[in-house]
Amino acid sequence: MSLTAAIAAASVKAGESGFEAPNAGIFNLPEVGAGVTKSMLLVGLSAVLILGFMIASSRKASVVPGRLQFAGEMVYGFVRNTIARESIGSEHFMKFVPFLFSLFLFIVVNNYYGIVPLLQLPSFGRIGYIVPLAAIAWLTFIGAGIWKHGFFGFFKHATVPHGVPSWILVLLVPLEFLSNIVVRPFTLTLRLFGNMFAGHLLLALFATGGAYLLQDGNLVHGGVGILAFLMGIAVSFLELIVMFLQAYVFTLLAAMYIGEAIADEH
Amino acid sequence: MDGNLNLIGLGLSAIGPGVAIGLIFAALIGGIARQPEAAGTLFGRAILGFVLAEALFIITLAIAFVIK
């Protein structure tokens, strides 16, 4: 539910007794039409926005970049240098930069929907949109490892640590397999989902709670309501940081997994 | 008020990662103060630690809403 609609709903309820805090149901919006939801439209829009921005910023590329080209190159340089090269190593990192770059832009744009006025719905608050991203990242690092070390070589590389007495390997190999292969896509998904979900819920809570308290008719409650709105604004600024950080972290972890998978034995 | 014990557990489970994230960034600031030129490398490592500490809470958050 966009925040404005949530506030309106809270205003209607203010007449009745009791305040109903927003719950996970605020992500279940009515369909826009023909099985299309708002999140679907937003995800589609993000693809258009990113394509448009990248085409516009790289179209008339010159040696001395203009403003738009500079902005595009800054984002690209950030992903290529501080994420990909640092984590994958300077030998193979260029193969993975296109994947990491599109991953980063896609997540950043979809996260910031949560704070854009009138849109105000982070499409990654629905877990279904993140599962494919995590699955692609998972397949990519496993594929990269198999490409580098061979099928059995990769699983040996990923699950058998060096310099460990052989009797303890019985215990260690299943644990390493679990933490290096099985759990990774789940934590990738849940981290991004949890942050977007909780952030949106928090904003909705402050907005609806503030609206309810303001219309309560009690002067003290009204003061607290204003405080709630101020907290909502403060949390919005926190969300600005979190939204970027989560996109960065998702891309960084994807890059680190790839870098770990194709690292040389030593 | 309604709700269940899950939410109390959720609040309790935020303590551990909260302390951990505080320690991680305290160490980061200390490290940068001692060696400002290493800030870039340290930041990446700190974010990795932050992410691992945060993951515990995020998993709890998901589970708290799943288990009735």
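Colleague: Which residues in α8(A) do the residues of α4(A) meet?

Modeller: In this predicted model, local features need pLDDT of at least 70, side-chain atom pairs count only at pLDDT 80 or more, and totals for chains, interfaces and linings use all residues. Residues are numbered from 1 along each chain as written, with chains lettered from A and ligands numbered from 1 in the order written. Contact requires C-beta atoms, placed from the backbone, within 7 Å, and helices are DSSP runs (H or I, at least four residues) numbered from the N terminus. From α4(A), Leu100(A), Leu103(A), Phe104(A), Ile107(A), Val108(A), Asn111(A) and Tyr112(A) meet, in α8(A), Met243(A), Phe244(A), Gln246(A), Ala247(A), Phe250(A), Thr251(A), Ala254(A) and Ala255(A).

Colleague: How are α4(A) and α8(A) oriented, roughly parallel or roughly antiparallel?

Modeller: Axes are lines fitted to C-alpha atoms over the stretch in contact, with angles from 0 to 180 degrees between N-to-C directions. The axes of α4(A), residues 97-112, and α8(A) come within 9 Å and cross at roughly 155°. Angles over 145 degrees count as roughly antiparallel, so the orientation of α4(A) to α8(A) is roughly antiparallel.

Colleague: Which element gives the most to the side of chain A that touches chain B?

Modeller: The contact takes 11 residues from chain A and 10 residues from chain B. On the chain A side, the elements that give two or more residues are α7 (166-214) and α8 (219-261). With six residues, the element that gives the most is α7(A).

How values were computed. Contact = placed C-beta atoms within 7 Å. Parallel < 35°, antiparallel > 145°, perpendicular 65-115°, else oblique.
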